[in-house]
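Reader: I'd like to go through the charged pairs here and hear what each label rests on. Can you start with the term itself?

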Amino acid sequence: MILIALGANLPSRFGTPEETFQAAYEELGRRGARVVARSCVWISAPVPVSDQPWYRNAVVAVETSLSISDLLAELKAIEADFGRELRERDAARLLDLDIIAYADEVYEAEHLTVPHARAHERSFVLYPLQEVCPAWVHPVLGRNVDALIAALPAAQNIKKIEGCAE
């Protein structure tokens with residue numbers, strides 16, 4: 001299972017973050033990463049805490065023949081095409097796309113670590129991931145998504161958007 005996390009807290013030319021996600025799902029398919037499952041959209045406080053707008057977050061499972069590095073290149077190209085400008089770390093953004101897992105592979109390169117280095121610490125990744133792949137086991141930590149969620153600090157504010165059809 002190849003898992004990609006989406007995040008946004010600013011409107012884009014597509015509209016709201018939720019509308020941006022819909023456009024991103026379609027663009028992923030055009031770029032060789034067909035979405036086979038997707039989570040509801042979740043709302044979460046910025047990490048680290050700041051005065052920027054709350055984020056919308058989701059996770060998708062995709063099928064692709066792209067390698068990890070080629071998939072990363074496509075994700076960065078989508079972000080750029082959607083108008084993301086790389087500024088300071090943790091800045092508000094139109095769209096953020098991160099590879100969370102690429103099957104059970106463990107991959108380390110200068111600009112990419114898979115599984116994502118901080119996914120297991122983030123409610124805004126784990127809750128949507130649990131919807132898409134409830135049996136997922138972190139290939140390095142050997143812990144399933146339920147155990148990772150149970151270990152999260154209580155201070156991470158997150159809620160599912162009401163009316164979401166899973």
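Author: A salt bridge is a side-chain nitrogen of Lys or Arg within 4 Å of a carboxyl oxygen of Asp or Glu. Searching the whole structure turns up 11 salt bridges. Bear in mind that this is a predicted model, where local features need pLDDT of at least 70, side-chain atom pairs count only at pLDDT 80 or more, and totals for chains, interfaces and linings use all residues. Residues are numbered from 1 along each chain as its sequence is written, and side-chain values use heavy atoms, with hydrogens and water left out.

Reader: What makes Glu74 and Arg31 a salt bridge?

Author: Their closest N and O atoms are 3.0 Å apart, and the cut-off is within 4 Å, so the pair qualifies. Glu74 sits in helix H2 (residues 68-81), while Arg31 is in the loop between helix H1 (17-30) and strand S2 (33-38), 43 residues apart. Helices here are DSSP runs of H or I with at least four residues, and strands are runs of E with at least two, numbered from the N terminus.

Reader: Why is Glu74 called partly exposed?

Author: Buried means under 20% relative accessible area, exposed means over 50%, and partly exposed is in between (1.4 Å probe, protein chains only). Glu74 has 25% relative accessibility, so it counts as partly exposed.

Reader: How do you know whether Glu79 is buried or exposed?

Author: Glu79 comes out at 2% relative accessibility, so it counts as buried. Its salt-bridge partner is Lys76, with the closest N and O atoms 3.3 Å apart. Lys76, at 36%, is partly exposed.

Reader: Why are Glu79 and Lys76 said to be separated by about one helical turn?

Author: Because they are 3 residues apart in helix H2.

Reader: What makes Asp96 and Arg84 a pair that ties parts together?

Author: The closest N and O atoms of Asp96 and Arg84 are 2.8 Å apart, which makes a salt bridge. Asp96 lies in strand S5 (residues 96-102) and Arg84 in the loop between H2 and S5, so the pair ties together parts 12 residues apart in sequence. Asp96 and Arg84 are both buried.

Reader: Which residues do salt bridges with shared partners join into one network?

Author: Glu27, Arg30, Arg31, Glu74 and Asp81.

Reader: And how many side chains of each charge does the protein chain have?

Author: There are 16 positive and 24 negative ones, counting Lys and Arg as positive and Asp and Glu as negative, without His or the chain ends.

How values were computed. The place of a charge is taken as NZ of Lys, CZ of Arg, CG of Asp or CD of Glu.
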